[in-house]
Amino acid sequence: MDALRDAAGDEGGTGAAAGGAGNAAARDTGGAEETAARDATRPGDTAVRDAARRRDAAVRAAVEQGLLDSEPLVCLLDTAGIRASAAALTGAFAAVTAPGTPVLHAFAAKAAPLVPVLRLLADCGLGCEVASAGELALARAAGIPAERIVLDSPAKTTGELREALALGITVNADNHQELERLDALVAAAPTRSPIGVRVNPQTGAGAIDALSTATATSKFGIGLRDPGARERLVRACLDRPWITRLHAHSGSQGLPLPLIARGVRELHALAEEINASAGRRQVDTLDIGGGLPVNFASDEETPTYAEYADALREAVPALFDGSYGLVTEFGRSLLAKHGTMLARVEYTKATGGRPIALTHAGVQVATRTVYAPAAWPLRILPYDAKGLPKTGPPVAQDVAGPACFAGDLLATARDLPELAPGDLIAVPDTGAYFFTAHYGYNSLPRPPVHGFTAGPPGPVRFTPVRPAQTTTEIVAEAGGAFRDALL
């Protein structure tokens, strides 16, 4: 854990990884000079170049230190970048929130369900949002106190609810039937757990339907615009004085900030209505969820947490006046930009006149990109066998993964310097929901994950976060101990 706790400085690398970035929605040029010049004109360009230099240095060190000698695919987490994102989040809210307002930033464990990551974020002052018994176990293994854990799930079992209430973990109920289940549990055993109810402001979808949680028919929460629903919800809260929180999650990838803020405004208005009806301050905390979109087109981190906080302040001025405690549940925006997959090119060939580079990074680590490439495009950064940024004339080529179906492609007709066996590809922006959430197609193993710090002073240091999955472990998961069970 020592390296995960280090606050890394920048490394005097080439900076060409950012140059090879290009535009994920269009094509990778691989041109270091062009992109470095472009980055130099951006706000925050120093942080962008520093992150690219750290990544360059880590790729080079991964080769020099033998990380790829036995594993053709490794995944890297930039601890300095993670710490910087956590500080940006806490700082953005501190800048706009009334002094003394309770604020809990609970990292959404689903984005990176790795115990050392949760521990690192806890060390940065963050709590944890969990949505299953497994994620709760991870949060507890990371040493996160119960009062800094929030349980959200649309399908909690009685056992999961009972455990959370016994531990004092915050519970956000998803629906009226769950509230009835909580009635019995709260009556049977008093709890110190804060209890809230999730609402769906039904403010509309973004660019990715499958990720939009505030649509008219979303499976999450209690819809506020259905006939009679708002009145029934207000009455349900008044009948249960132990409901002291409201929760909404209106943000996600593909949603503009004004639409996210509109959902938060609806949540605040509902809290005001409940408290006015109760004649007291029954609801004292608003959980506004997360869902800040991530820029996958370049190294620039945009939108920023400061821009998000400003959008909220414009849409809901009273949100930050200290009337309510606040909880956030960010995931992707905290981790995505700080993860990189690094894979060797195993073979190259040409089919139908198009070059194809066959690598070990595919659907098992980039499931969303493979199955929905238009919604989840990724950049490809080329390096040579020594881990140095590769240059050369751009050639339109496919970058393919190892799985046995034709669509296992990370990039199609992408302009890159022509790749050769032994070269490396780095796939940035993959620290959330990509290699951290493995898909077991073809029984492909989970790759190793390493945290890294990149001086100065000193060389790049790696620390294990998750070991590579062994074939023995794959057999065990596949029922190897019960070989004859079906005979």
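Buried means under 20% relative accessible area.

**View 1. The whole chain of the predicted model.** Of the 487 residues in the chain, 55% count as buried. The chain is made up in part of 15 helices and 18 strands. Contacts between residues at least 6 apart in sequence join residues at least 24 apart in 70% of cases. The accessible surface of the chain is about 19,300 Å², and carbon and sulfur atoms account for 55% of that surface.

**View 2. The peptide bond between T302 and P303.** The bond that joins T302 and P303 is cis, with omega about 0 degrees. P303 belongs to the loop between β9 (285-287) and α12 (305-315).

**View 3. A413, a residue with a positive phi.** A413 is not a glycine, yet its phi is positive, at about 50 degrees. The residue is part of strand β15, which covers residues 409-417. Is A413 buried or exposed? A413 has a relative accessibility of 12%, and the limit for buried is under 20%, so A413 counts as buried.

**View 4. N442, a residue with a positive phi in a loop.** N442 is not a glycine either, and its phi is about 60 degrees. The loop that holds N442 runs between β16 (424-427) and β17 (449-453). With a relative accessible area of 41%, N442 is partly exposed.

**View 5. The aromatic pair of Y439 and Y441.** A search of the whole structure gives 11 aromatic pairs. One of them is formed by Y439 and Y441, with 6.0 Å from centre to centre. The planes of Y439 and Y441 stand at 55 degrees to each other, and the pair is tilted. Y439 is partly exposed, at 29% relative accessible area. Y441 is also partly exposed, and its relative accessible area is 25%.

**View 6. A cluster of aromatic rings.** Which residues do ring pairs link into a cluster? The members are F93, Y305, Y308, F320 and F330.

**View 7. R368 with the rings of W376 and Y433.** The charged end of R368 sits over the ring of W376, at 5.2 Å from the centre of that ring. The charged end of R368 also sits over the ring of Y433, where the distance to the ring centre is 4.6 Å.

Technical notes. Residues are numbered from 1 along each chain as its sequence is written. This is a predicted model: local features need pLDDT of at least 70, side-chain atom pairs count only at pLDDT 80 or more; totals for chains, interfaces and linings use all residues. Side-chain values use heavy atoms; hydrogens and water are left out. Helices (H or I, at least four residues) and strands (E, at least two) are DSSP runs, numbered from the N terminus. Buried means under 20% relative accessible area, exposed over 50%, partly exposed in between (1.4 Å probe, protein chains only). Contact means heavy atoms within 4.5 Å. Accessible areas come from the Shrake-Rupley method with a 1.4 Å probe; for residues, only the protein chains shown count as cover. Rings of Phe, Tyr and Trp (its six-membered ring) pair if their centres lie within 6.5 Å; planes under 30 degrees apart count as stacked, over 60 as edge-to-face and the rest as tilted. A charge sits over a ring if NZ of Lys or CZ of Arg is within 6 Å of the ring centre and within 35 degrees of the ring normal.
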